[in-house]
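Please look over the sequence and the model first.

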Amino acid sequence: MGYKARFRVWRGDDADGDLHDYTVEVNEGEVVLDVIHRLQATQAPDLAVRWNCKAGKCGSCSAEINGRPRLLCMTRMSTFTEAEIVTVTPMRTFPVIRDLVTDVSYNYQKAREVPAFRPPEDLAPGEYRMQQIDVQRSQEFRKCIECFLCQNTCHVVRDHEDNKTNFSGPRFLMRIAELDMHPLDTHDNRAQEAKEDHGLGFCNITKCCTEVCPEHIKITDNALIPLKERVADRSYDPLMRLFRKPKK
Ligand code: SF4
Ligand code: SF4
Ligand code: FES
């Protein structure tokens, strides 16, 4: 059964903008992105929104709905009561290009700063062999759709723009953790680099990143905390230090 919903949508760019009110039709089974598309079709043809798959897989339609970071295409209208005003705003942590579209290039920059997987030199692709348990461990992290909702939510950069230079954010610390756990990766100081070059120490394991991940990846428990433990092991464990000494 259809109804008329009240939407409040942020319109503008990085310099100026405000919330605009709309009343728009909603049909049974629809998601917020459907309603945004109906707004474009009927009342606001110039409303900018980024999307591609409408299936929760491309990571393009990230925004904030009633203040909560979410994918527009995976948020059902049945989440809200018919009387509720649904407020849609762009991700707060990144500069707004227009309306709901943000400039997420911070994330691409941080991605480039993580050294790529470095396999053993004597193995060709196709010759890699790993234990199933090692495959399973990284498979969780490979579910990432790069929506950057975790990056948007982490208070280290959300509330402190200056930290963007020194903090790579949960998505890329997770990538480093994944590579550090990879038995065939020969880049041997990833955990230390996470601390020194990617700001792992800024993370105080609040788990806010984990709460908003649409792929339900346990970013904090399975990636960030183990990475911190590896840094601590290698830096402070006297046995590990003894073990390392002959190598110096
Ligand atoms: S757990 Fe760490 S990375 Fe995740 S939101 Fe909290 S401070 Fe940021
Ligand atoms: S880890 Fe989750 S929240 Fe972060 S970018 Fe990947 S899918 Fe999105
Ligand atoms: S449109 Fe692809 S994740 Fe929403």
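**Secondary structure and overall form**

Helices (H or I, at least four residues) and strands (E, at least two) are DSSP runs, numbered from the N terminus. By this rule, the protein has 10 helices and seven strands.

This is a predicted model, in which local features need pLDDT of at least 70 and side-chain atom pairs count only at pLDDT 80 or more, while totals for chains, interfaces and linings use all residues. Residues are numbered from 1 along each chain as its sequence is written, and chains are lettered from A and ligands numbered from 1 in the order in which they are written.

Along the principal axes, the C-alpha atoms of the protein fill a box of roughly 70 × 40 × 30 Å. A residue is buried if 20 or more other C-beta atoms, placed from the backbone, lie within 10 Å of its own; 33% of the 248 residues count as buried.

**Two domains**

The domain assignment, which is automatic or from a database, gives domain 1 (3-102) and domain 2 (105-247). Their centres, taken over C-alpha atoms, are separated by 32 Å.

Two residues are in contact if their C-beta atoms, placed from the backbone, lie within 7 Å. On this basis, 12 residues of domain 1 are in contact with 13 residues of domain 2. The side of domain 1 that touches domain 2 comprises six nonpolar, four polar and two charged residues. Here Ala, Val, Leu, Ile, Met, Phe, Trp, Tyr, Cys and Pro count as nonpolar, Asp, Glu, Lys and Arg as charged, and the others, Gly among them, as polar.

A residue is near a molecule if its C-beta atom, placed from the backbone, lies within 6 Å of it. Around ligand 2 there are 14 residues, of which Cys144, Cys147, Leu149, Cys150 and Cys213 come nearest. The shell around ligand 2 divides into 11 nonpolar, no polar and three charged residues.

Technical notes. A residue is buried if 20 or more other C-beta atoms lie within 10 Å of its own, exposed if 12 or fewer, and partly exposed in between; C-beta atoms are placed from the backbone.
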